[in-house]
Amino acid sequence: MSAQAPTIKDLGSSLPDAIRRFTPPPRFYPVLATIALFIGMFGAGSIRYEGFSSPQTILSVLVDNSFLIVLAVGMTFVILTGGIDLSVGSVVALSTMIAASTLRSGWSAPLVIVTVLLTGSVLGLLMGLVIHYFEIQPFIVTLAGMFLARGLCYVISLESIPIKNGTFTSFASGTIEIGDYFITPSVVVALVVLVIAAVVLHMTRFGRTVYAVGGSEQSALLMGLAVAGTKVGVYVISGFCSALAGLLFSIYTLSGYNLGAVGMELDAIAAVVIGGTLLTGGSGLVLGSAVGVLVLGLIQSFISFDGTLSSWWTKITIGVLLLAFVLIQRLFTRRTT
Amino acid sequence: MRDLGLRFVRHNLFWPTLALVLLLLLNLTKTPDFFSLRVQDGHLYGSLIDILRNSAPTLLIALGMTLVIATRGIDLSVGAVAAISGAVACTYMAGSPDESTAGRAIIAMTMAVGVAVLLGVWNGFLVSVLGIQPIIATLVLMTAGRGLAMLITDGQITTVNNSLFGKVSTGFVVGLPIAILIALAVFAITAVLTRRTALGMLIEAVGINPEASRLAGVRARTITWTVYVFVAFCSGIAGLMIASNTSAADANAAGLFIELDAILAVVIGGTSLAGGRFSLTGTLIGAMFIQTLATTIPTMGIPAETNYLFKAVVVIVVCLLQSPKARAALSVRRPSSLLAKGATS
C-alpha cells in the first residue's frame, strides 16, 4: 500500500505523474465516480447557466435535501446488510403528523422530538424483529410497515396540520452564515448524522458486523458475530433516521401532512445506489449516499435554473443515472467474483 | 367426514377464501342487499359486480406478477407501465383527426400494449441477460416510467372522447362488464397455459433453483424473460382500463401503488415471495379480497384512507401464516392435535 501512495515530494516534482500513479483503495472507486459525476454536473451547469457556479447552489441543494441525507444514511445501513426498507417515506409522513398534532395539543418541543424519534425507532425495531426472527423478506415486512405508518397518519388526522410552535418556527427560519453564503440548522443536523454514521460504520464493532453480515450472513454467523443484533439494529437505525428526517421535513414544510413524502423511499434508495453502495450488501459508504443525494438535488437545480425543462426530466434523469450505476455495479461485481 | 374437513382446512386456498367470505358477510350486516344483483337494460348491476369490475386492473397485473414472483423475481414498474400505456393510447387518439372512430381506438390500444410489451422486454433483458436483481432492475423503470408517461402527455391530463375506448372499462357484453371479461379471459388463458402444459412446472423450477433447472435443460433465461414481458403486457391492458375508466390519461395518478396491491394480492393468494409454487386462483381471491376491503371500510363508517392500516394488518398476518418459523412458533399445539384427531378418525 505504501508503495502506491504518493508522497508530497512526488506531487511537487511531477504532478501528472503522481496523479497517474495514485491509486485509491478499490472500495473508494464507486464514491469517487459519484463525486466525479457531481463535479461534472456542477461544471456543466456553471458553463450553461449564469449564477450556477456560486457555492450557494450547492449549499441550497443541501438546505433543500437535508432530510433526504438523513434518510439515505439510515437506508445505507439497511442496504449494507443486504436488506431494504420501503417504509421510510411513510415514517417521515407519520413523524410530521405526530409532531404537528402533539405540538397543536400543547406538548413542549423537546418532548415532541423525543416522542417522534422513539416512535420511529420502535417501528424499526418491530420490523427488524419480524425480519430476523420470522425470516420474512425485508421487502414485504417493510411494505407492511409502509402501509401501517401511512394508515396511522390518517388515524391521527385526515387533514394537514400547520406547525406554529416557537421552537420549530425559529429553527425553520434560522440561518447560519458562512461568509456571503448561508445554510440552515437542518443542514448541520444532517452533516452531524453523516459523521456519526461514518464513525459507527468504520470504527465500531457494530459497523464492521454490518459489512460482514452484508458480505455473507452465513459466514458472519459462523464467525460468531452478533448477526441477530446487527440485523435488527440496522432497522432501528433506519427507523430512527426516518423519524429524524421527518422532524427536519416538518421543520422544512412547517406542517404535518399525511400525503407528504410519498415515494421518498425511492429517492433514498436511488441516492444510496448512485452513491455506490451495492444492493446485495457488504460494500458501500455513507459518504457516497450523501453525495448521491447531492446529485439528485443538483438535477433539480438544473431544471429550476434552466426554466424551459419540465419537471418530469428529474424522474427520467434519476432513472437513467440509476441504470448507469446499476450496470457499472454489475460489471464491477462480475469482475471481482 | 373429519378427514374431508381436515383436507379442506389444510388446502392452501382455505384461509384466503375464508377471509374473503367473512369480509363479504361483514358487508351484509351493514348493507342487507349487498349480495343482490339486478338487471337493468340487460346489464348486470350490484355491489359484487362493482367489486369484480374495480378489481380487474389489479387482478390483471397480479396475474402477471404471480408468474414473476414464481420465478423468484418482482416487478415494481407495473404501475409506471400502466401509466405509460394509458398515456400512449390517449395521446395518440387525442392527436389524431378522427379521434372518436373505432379504428383509431383499436390502433391506439394496440400501440399502447405494444409499448408496454417493449418495456417488458427491457425489464426482462435487465433481469435475465444482465443478471441485475429484479427489484433494482424494475426500480429503474418505476422511477423513470412516470417521467416518461408525463413526457408523452406533456404533463397534461389528456382527455379523449371515444366511445369504443370508454367501453373497455364501462361497457357491457352479454350483461357483464367488459373489464371483468377481459380479466377473466387473461386468467383462463394463463391458467390453461401454465397448468395444462409444462410451462407452469418450468416456471416453478426456475423459481426454486435457476441454476439447477438450467443444468436440467430448462431454458431458464427465456422463461424469466417471458414472464417479465407477460406482466408488462398485463400492465398495459390494465393501464388501458384505468385510462378508459375516466377517458383520460393521468400520468401521475394512474396505477399509483398498484404494484403494491398486486404484490399483496399474490401474497394473500398463498404464493411465496421466495419463488417456486404459485397459485393463480389464490391471486384471483387475493385481488378480490383487496377490492372488497377497499369497499368494506367506507361501508363500516371508517374513513377510506385508513385502508392502509388494514392492508398492513393483512400483510403481517399473511406473512406470519406463511413463514415456517412463525408457524412453528405459533402452532405447536393446534396442528398436532388436529393431526392426531385426523389420524384416529
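**Note on the chain A–chain B contact and helix packing**

1. In this predicted model, the contact draws 34 residues from chain A and 33 residues from chain B. On the side of chain A that touches chain B, the elements giving two or more residues are α7 (138-156), α13 (264-274) and α15 (312-336) of chain A. Of these, α7(A) gives the most, with twelve residues. By residue class, that side of chain A divides into 26 nonpolar, four polar and four charged.

2. Within chain A, helix α5 (residues 88-104) packs against helix α12 (residues 227-253) at an angle of about 55°, with the axes 7 Å apart. The two helices, α5(A) and α12(A), are therefore oblique to each other, and α5(A) passes α12(A) in a right-handed crossing.

3. The contact between these helices is made on the α5(A) side by A:V88, A:V91, A:V92, A:L94, A:S95, A:T96, A:A99 and A:A100. On the α12(A) side, the contributing residues are A:S238, A:G239, A:S242, A:A243, A:A245, A:G246, A:L247, A:F249 and A:S250. The residues of this contact of α5(A) with α12(A) comprise ten nonpolar, seven polar and no charged.

Definitions and conventions
Residues are numbered from 1 along each chain as its sequence is written. Chains are lettered from A and ligands numbered from 1 in the order in which they are written. This is a predicted model: local features need pLDDT of at least 70, side-chain atom pairs count only at pLDDT 80 or more; totals for chains, interfaces and linings use all residues. Axes are lines fitted to C-alpha atoms, for helices over the stretch in contact, and angles run from 0 to 180 degrees between N-to-C directions. Helices (H or I, at least four residues) and strands (E, at least two) are DSSP runs, numbered from the N terminus. Angles under 35 degrees count as roughly parallel, over 145 as roughly antiparallel, 65 to 115 as roughly perpendicular and the rest as oblique. A crossing is left-handed if the near helix is turned anticlockwise from the far one by less than a right angle, and right-handed if clockwise. Two residues are in contact if their C-beta atoms, placed from the backbone, lie within 7 Å. Ala, Val, Leu, Ile, Met, Phe, Trp, Tyr, Cys and Pro count as nonpolar, Asp, Glu, Lys and Arg as charged, and the others, Gly among them, as polar.
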